[in-house]
Amino acid sequence: MALTAEERVRAVEDAVRQLRAALERAGVTLPSLRMDPLTAAADGALPLVELGRCNLDTALRLATVLEGAR
């Protein structure tokens, strides 16, 4: 069963919320984290999650969190 456009968007929005919450618990904020609007408009595959741009401090904190998860 294929997902409808609305279901695909809802699934990605939920993933963005979960990722934002997990990053927040780890002390990392990606200010540009969002669903990519161009891929949300496309038919077929799930829309992409855009992690966006971040400053050096955020990039280093994210690297530290990921390193600690290994």
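**Exercises on helix H1**

H1 is followed by Gly27, whose phi is positive, near 80°. Helices (H or I, at least four residues) and strands (E, at least two) are DSSP runs numbered from the N terminus. The model is predicted: local features need pLDDT of at least 70, side-chain atom pairs count only at pLDDT 80 or more, and totals for chains, interfaces and linings use all residues. Residues are numbered from 1 along each chain as its sequence is written, and side-chain values use heavy atoms, with hydrogens and water left out.

**Exercise 1.** Determine which residues of H1 are buried and what they pack against.

*Solution.* Buried means under 20% relative accessible area, exposed over 50%, and partly exposed in between (1.4 Å probe, protein chains only). The buried residues are Arg8, Val12, Val16 and Leu23. They cover an arc (of the directions from the helix axis to the C-beta atoms) of only 75°, which puts them on the same side of H1. They pack against strand S1 (34-35), S2 and helix H3 (56-68). The face turned away from this side carries the exposed residues Glu6, Gln18, Glu24 and Arg25.

**Exercise 2.** State whether Arg8 is buried or exposed, and list its contacts.

*Solution.* Arg8 lies in H1 (residues 5-25). Arg8 has a relative accessible area of 8%, so it is buried. Leaving aside neighbours within four places in sequence, Arg8 is in contact (heavy atoms within 4.5 Å) with Leu3, Ala42, Asp43, Gly44, Ala45, Leu46 and Pro47.
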